[in-house]
Amino acid sequence: MIDTRPPLIEVEDLKTYFYLDEGVVRAVDGVSFTIRRGQTVGVVGESGCGKSITARSIMQIVRPPGRIVSGSIRLHREPTAADRPGDVVEITRMDPMSKEMRLIRGGEISMVFQEPMTSLSPVHTVGSQIIEAITLHQPVSREDARRLTIEIFSKVGMQQPARTIDRYPHQLSGGMRQRAMIAMALSCNPSLLIADEPTTALDVTTEAQILQLMRNLQKELGMAIMFITHNLGVVAQMTEIVFVMYMGRVVETATVDDLFYDPKHPYTRLLLRSIPKLGSKAAGTAPRLESIRGTVPHPYAIPKGCPFHPRCGDMIPGVCDVVDPPLVKIGDSQEVRCHLYTPANAPGSGEVIPLTTT
Ligand SMILES: Nc1ncnc2c1ncn2[C@@H]1O[C@H](COP(=O)(O)OP(=O)(O)OP(=O)(O)O)[C@@H](O)[C@H]1O
Ligand SMILES: [Mg+2]
């Protein structure tokens, strides 16, 4: 079924590289995807495939020696009656330190990290940090911001919210810190919440509570969520559509049903095979996806042709090791970057489709 919700973020051919003395690391190497308003999206792939750097690029928080080299990230803003017509801003053209970018970051787009201490300052109370964020983005007094913070704290399930806001991060448990960070991320009603492995540092019970909380908040507030995770069990619970990344690119886009019941890319199939049975106890412990044969090639030396061909059981010699596969659309909502699906390259045809991108 075609999704008719308007686009919120359109990422197109995004490249974010790290310039090191040893060479150039192509952390994100031509990523394209669209997230629609209110859509929950999962991003999966082995360690180092560029999930976090894609998220950081959207937030404009890639640190040197990394930088966005090319491509575009378009944010479609909702019209607000007061002062702003609906418009489209090109994030890659904005100065990361500019006031406008600071207002987008933590305002329209906010992020929850794996480790809460990445975004919570240890020397300020959790409440004061959220109050600060609210007063930066909204024209409210400090008292109103404090009241709002207490409201958000109860919404994210903080016990004794009026007291907890005056605590320092180290005085809270891991789960409570994660709730404080989610509260901070939600404090300015983001249109997009990026959650980068938000539960991997938590025990299974707390993880289940935080996931339930995020699901409820998404239903209530209707924001889009980009959920980055190693855990395909979490993907199944939390998301509608999934981007599978390999070596800095999206190699398959599929609805969560297609991902589990009709995966196309050989890499996606291997990822699915590498996880414990869904619903088993171990599935909740976020296993690292390391059981795929071979290892991810060195980031300085991306293989010619399809970057996955040295590890692929379906590799077509003379095709996959020569030509970079184009993106092939399958049905309304599935796309795959693999030669097996370009008709002329089906085994035995001998014909090679020239590289095209869509
Ligand atoms: N500061 C940095 N300097 C150099 N290379 C970096 C830096 N940060 C990331 N990279 C490289 O960029 C690539 C993508 O990294 P990224 O953090 O996006 O991976 P990831 O998919 O989020 O992995 P994980 O699942 O382990 O979090 C990796 O090869 C990584 O080594
Ligand atoms: Mg990461």
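Biologist: Which residues of helix H10 (residues 266-273) are buried?

Modeller: This is a predicted model, in which local features need pLDDT of at least 70 and side-chain atom pairs count only at pLDDT 80 or more, while totals for chains, interfaces and linings use all residues. Residues are numbered from 1 along each chain as its sequence is written, and chains are lettered from A and ligands numbered from 1 in the order in which they are written.

In H10, the buried residues are Pro266, Tyr267, Thr268 and Leu271 (buried: 20 or more other C-beta atoms, placed from the backbone, within 10 Å of its own; exposed: 12 or fewer; partly exposed: in between). Of its 358 residues, 42% count as buried. Among contacts between residues at least 6 apart in sequence, 63% join residues at least 24 apart.

Gly23 sits in strand E2 (residues 23-36). Gly23 is exposed because 12 other C-beta atoms lie within 10 Å. Between Gly23 and Ala301 there are 9.5 Å in space, C-alpha to C-alpha, although the two are 278 residues apart in sequence.

E2 also has a part in the shell around ligand 1, to which E2, strand E1 (7-20) and helix H1 (51-59) each supply at least two residues. The shell has 14 residues, and the closest are Ala27, Ser47, Lys51, Ser52 and Ile53 (near: C-beta atom within 6 Å of the molecule). H1 gives the most, with three residues. By type, the shell holds seven nonpolar, six polar and one charged (nonpolar: Ala, Val, Leu, Ile, Met, Phe, Trp, Tyr, Cys and Pro; charged: Asp, Glu, Lys and Arg; polar: the others, Gly among them).

Elsewhere, two helices pack together: H3 (residues 126-137) and H6 (residues 174-186) meet at an angle of about 15°, with their axes 9 Å apart (axes are lines fitted to C-alpha atoms over the stretch in contact, and angles run from 0 to 180 degrees between N-to-C directions). H3 and H6 are therefore roughly parallel to each other (under 35 degrees; over 145 is roughly antiparallel, 65 to 115 roughly perpendicular, the rest oblique). H3 contributes Val126, Gln129, Ile130 and Ala133 to the contact, and H6 contributes Ala180, Ala183 and Met184. Six of these contact residues are nonpolar, one is polar and none is charged.

Note on methods
Helices (H or I, at least four residues) and strands (E, at least two) are DSSP runs, numbered from the N terminus. Two residues are in contact if their C-beta atoms, placed from the backbone, lie within 7 Å.
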